[in-house]
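Student: I have a model open and some questions about its packing. Can we go through them one by one?

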Amino acid sequence: MKRWNVKYPRRFDLGSNEDYLKWRDEKLAAYPKNIGELVVELGDMSALTPAEKARILETVERANMCVYTAGSAELGMSSLLALGKQLGVSHTDKSARHAQSDELTDSGILNRAIPFSTRHCNWHTDATYYGSDNTIQALFLLCKRPAVEGGSNKVLDHEMLYIQLRDKDPDALEVLMNKDCFNYRNPATGEIDPNRGGKVFWPNADGHLCHRFSFRKTDMAWSGDSDVAAAGHVLESLISDESAHAIEGRLESGMGLISNNVLHTRERLVDSDDAAKKRLLFRARFYDRVNPG
């Protein structure tokens, strides 16, 4: 374990360069280069061994995410929630949502929102939309059936984006961390809610970096302040460039994702016409995060 949160507690403090520079060099050296470096094979995701748990936490510390194999566990929501509990996350947003919205299929629910359709889904963190009173800090996925074609994901650790911003445009980062940069839109009316929104980056009470972003203009309305608009443009340009730190892969049956709600996309997919063979992923979103230590 790197124990960066203990060694460099001020790494996300814009007024402290010493911790940041030491952490940055170690983070860049440790960051996975490809999807294979993110994979941890499990014997049974619902009953982790101490060695499996340690490897997951080490990978999450390096990249804020981990790809896993389910092993002998049942491919369903109970296994996904059991995995979360073993990793210290259990406070889900399930009670606030449609009962079926943990099953990501082309089912037509929720007005055929993008996650439930075959369309391309651009870069975003989960639950960056109107009505999210709490911030989703962890996102877990488990694939039971992949699409017939397509449906791969790109993922990007927001800490790598933070490094890019701090090194290339610290003024933009300062705005994104200290100003209320956006407000949520009500998707039913298109109206902006002045009481819901906030910062793009911020450290939580434990010293870990949180982030929220979406390219979907129906989700977020950026502030009209000139410095916020400029900072938002810098951020969107960096994300659109899809640097070498973005990693691409596809979850096959029995594979899943553990993440501290990292940025992600989903490519367009082709699904089966047979309802019993349609793409099916289970999703759990948590208000707490996976903390390596």
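Student: Which residues have the most contacts inside the largest nonpolar core?

Tutor: This is a predicted model, where local features need pLDDT of at least 70, side-chain atom pairs count only at pLDDT 80 or more, and totals for chains, interfaces and linings use all residues. Numbering starts from 1 along each chain as its sequence is written, and side-chain values use heavy atoms, without hydrogens and water. A nonpolar core is a set of buried Ala, Val, Leu, Ile, Met, Phe, Trp, Tyr and Cys residues joined through side-chain atoms within 4.5 Å. The largest has 48 residues, and those with the most contacts inside it are Tyr162, Phe201 and Leu235.

Student: What does Phe201 touch, not counting residues up to four places away in sequence?

Tutor: Contact means heavy atoms within 4.5 Å. With that cut-off, the partners of Phe201 include His158, Leu161, Tyr162, Leu165, Leu173, Leu176, Met177, Leu209, Cys210, His211 and Leu235.

Student: Is Tyr162 buried or exposed?

Tutor: Buried means under 20% relative accessible area, exposed over 50%, and partly exposed in between, with a 1.4 Å probe and protein chains only. Tyr162 has 0% relative accessibility, so Tyr162 counts as buried.

Student: How many aromatic pairs does the structure hold?

Tutor: Rings of Phe, Tyr and Trp (its six-membered ring) pair if their centres lie within 6.5 Å; planes under 30 degrees apart are stacked, over 60 edge-to-face, the rest tilted. By that rule, the count for the structure is seven.

Student: Why is the pair of Phe12 and Tyr162 edge-to-face?

Tutor: The ring centres of Phe12 and Tyr162 are 5.1 Å apart. Their planes stand at 85°, so the pair is edge-to-face.

Student: How many residues apart in sequence are the parts that this pair of Phe12 and Tyr162 ties together?

Tutor: Helices (H or I, at least four residues) and strands (E, at least two) are DSSP runs, numbered from the N terminus. Phe12 lies in the loop between helix H1 (4-7) and helix H2 (17-30), while Tyr162 is in helix H5 (residues 158-168). The parts tied together are therefore 150 residues apart in sequence.

Student: In which order do the three strands form an open sheet?

Tutor: Two strands pair if DSSP finds at least two bridges between them. Here the pairing is antiparallel. Strands E9 (192-198) and E12 (220-222) are the edges, each pairing on one side only. The order is E9-E8-E12.

Student: Which residue in E12 stands opposite Asn183?

Tutor: Strand E8 (residues 182-185) is joined to E12 by three bridges, and the two run antiparallel. Opposite Asn183 stands Ala221.
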